[in-house]
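Let's take a friendly walk through a structure, one piece at a time. Keep the 3D view open and look for each part as it comes up.

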Amino acid sequence: MTQGNEPYIALSGIKKAYRIGGEMIPIFSGLDLTIPRGDFVAVMGPSGSGKSTLLNMLAGIDRPDGGTLRIGTSHLDQMGEAARAAWRAHNMGIVFQFYNLLPMLTAAENVELPLLLKPLTRKERRLRVERVLDLVGLSGREKQYPALMSGGQQQRVGIARAIVSDPGLLLCDEPTGDLDRKSADEVLEMLRFLNRQLEKTIIMVTHDPQAALYARRTLHLDKGDFIEEKRAA
Amino acid sequence: MPIFMSTHSRQALVMIRTNLSSLPRRRAISASMALSVALVVCVLAGFLSMAKGFETALAGAGSPSVAVVLGGGTNQEAGSDIPAAVIRTLDAMTGDLGVIRDAGGKLLASREIVVPVDMRQVTDGASRTLALRGMDLAGPSIRDGVALSAGRIFASGALEIVVGDRLADEFGLGLGDVVRIGAVDWTVAGHFSAHGSAFESELWADLDAVRSAFDRQGQVQSLKLRLTGPASLTLLQDTLATITQVPLAAVSEADLYAAQSGRTASLIRLFGWPLALLMAVGAAAGALNTMMSSVSDRTVEIAAVRALGFSRLSAFLGTWIEAIVLAAAGVAVGLIASWLIFNGWQASTIGANNVRMAFQLAVTPDVLLTSGLLGLAIGILGGALPAIAAIRLPLTAALRTRG
């Protein structure tokens, strides 16, 4: 839990560089960012601006070279890989651009995956899976395999998988990048619902200005820093 | 009973299940890995069953209660010669020699010679060199595990042979048949069974008849003696040491055949193991390739579940178990094929005395176990490296890839 008025997410002096062809290419050289609990932030910016790097660091998949990264009471910059993996399992959900569902598992089995990391009985897992599939409008499609679903339906399974363990934070990496406009809008409505009704904190990386309109505010990243911040209407 | 399975076990089970379920996507390369393991298993099982069958045939032929006396400083019947004077000296000894005596006090013994003879096989008409053993009438009864299966034993001095069951089948030697061996015709008087041992590869006849037919008058190559017990061999050896006309050696029949089988079985294994191991290296490389392809095929899936919080161990186990399961499938196919192809397969080799010795390949449980373990080792070793590759996948790159 965040204490008092402290922001839910706090990045301070974040540095990150990648070695490419023997040369260190800096991505961030002292990035600062705070996000309160319950916010819905769209992160936009051109390719190479560091959007994915930021998301990966927030997900604990990547680690900053310097600076501090705190989410809730967890200091991700000080945690080892196994601890970050365990933290991910209990505190956040990820929605991928290409859904990343396991094709040989049914929709329900895909959604159940994060619950396998928790000490729940089979019945408890089944009830939770049914509930979230109902929430994303896929009730009755539990036994369907991803290959037989549309892109929009697959992404809704991806969202159900991200929220099934009831995390406080959702990270979405171009969640509508592979969808047509109609499906994209459905998915974005879903995310807005999760933010407004279930008070999930959502950080969404996107190239789509229309998608960004669904967020409470939009951050523009350029050359490793935020150059603009505005609240959506 | 625990209510919750540990989350680690569940993660591993999910990874294993997803890997195995995705096998049809890599049907050809997975089948080729399983088949290469099956081939290795077949080759090794083939050689080991050959060695085992050869050992079984010779082990069944020797008894620890029968002494074989050889003369002339050799340890094989082929070069052995025992002068008649030595046999007379032994016969004349009245004390305890460790050898059973008959009701008349005579030693229970059989003087024997072995003559290589050529015979034509019924199946392909090819000529084979067989052992015609001339022996005293007591010869068959001295041996353990030998029984007449048809007809009767050869008569003293008659041109009659009794034939091992195995040879009778192979050469079409029925009771009463007349067969030309050397320059004379012999009548088949009986068949004998020796539980598949090397004896069944021999033709037995009266000693004097063989000596006269092959101009070996007076020759004795070995003397078989029925001991009062296995421990009596030492007493016999001590007695023979007192006879100084010619160097004599007494060994138990079991040791004689074991020494013969040991050399040939070692030779078979000497060829079998390196060949199987070389093939195993090739199969392990194939397994490595298959599993690398499997990891590459599932890059996005592995990265996705690890991003959800699944452990590196589960990713490792998923890939590793897949390799072991494929190897196990190959082992099963290889063992079943080995059993069907090799077990009971009739084979032959040049045995002692430069004559043909028939034996059956024996796919025994230890042959299956050894071959199976080698096959599994291919999966265990060949799958380990790709499994390590699976846990070192760069998640950041994989997650931006279309699954």
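The buried residues of α9(B) are B:Val300, B:Glu301, B:Ile302, B:Ala303, B:Ala304, B:Val305, B:Arg306, B:Ala307 and B:Leu308. Here a residue is buried if 20 or more other C-beta atoms lie within 10 Å of its own, exposed if 12 or fewer, and partly exposed in between, with C-beta atoms placed from the backbone. Just after α9(B), B:Gly309 has a positive phi of about 120 degrees.

Before going on, please note that this is a predicted model, in which local features need pLDDT of at least 70 and side-chain atom pairs count only at pLDDT 80 or more, while totals for chains, interfaces and linings use all residues. Residues are numbered from 1 along each chain as its sequence is written, and chains are lettered from A and ligands numbered from 1 in the order in which they are written.

Now for chain B as a whole. It has 12 helices and 12 strands; helices (H or I, at least four residues) and strands (E, at least two) are DSSP runs, numbered from the N terminus. Of its 403 residues, 49% count as buried. Two residues are in contact if their C-beta atoms, placed from the backbone, lie within 7 Å. Among contacts in chain B with a separation of 6 or more, 84% come from residues 24 or more positions apart.

Next, find strand β9 of chain B, residues 222-226. All 5 of its 5 residues are buried, so β9(B) is largely enclosed by the rest of the structure. On one side sit B:Ser222, B:Lys224 and B:Arg226, on the other B:Leu223 and B:Leu225, and both faces are covered.

Which strands pair with β9(B)? Two strands pair if DSSP finds at least two bridges between them, and the table lists two partners.

| Partner of β9(B) | Residues | Bridges | Direction |
|---|---|---|---|
| β1(B) | residues 66-71 | 5 bridges | antiparallel |
| β2(B) | residues 109-120 | 4 bridges | antiparallel |

Within these pairings, B:Ala67 stands opposite B:Leu225, and B:Ser110 has B:Lys224 as its bridge partner.

Helices meet as well. In chain B, α1 (residues 7-21) and α10 (residues 312-342) pack at an angle of about 45 degrees, with their axes 8 Å apart. That makes α1(B) oblique to α10(B). Axes are lines fitted to C-alpha atoms, for helices over the stretch in contact, and angles run from 0 to 180 degrees between N-to-C directions. Angles under 35 degrees count as roughly parallel, over 145 as roughly antiparallel, 65 to 115 as roughly perpendicular and the rest as oblique.

Over in chain A, 4 strands form an open antiparallel sheet in the order β2-β1-β4-β5. At its edges stand β2 (23-35) and β5 (74-75), each with a single partner strand, so one side of each is left without a neighbour in the sheet. Strand β4(A), residues 66-71, joins β5(A) through 2 antiparallel bridges, with A:Ile71 opposite A:Ser74.

Finally, how many residues does each chain bring to the contact? Chain A gives 24 residues and chain B gives 23 residues. On the side of chain A that touches chain B, α1 (51-58) and α2 (81-91) are the elements giving two or more residues, and α2(A) gives the most, with 4 residues.
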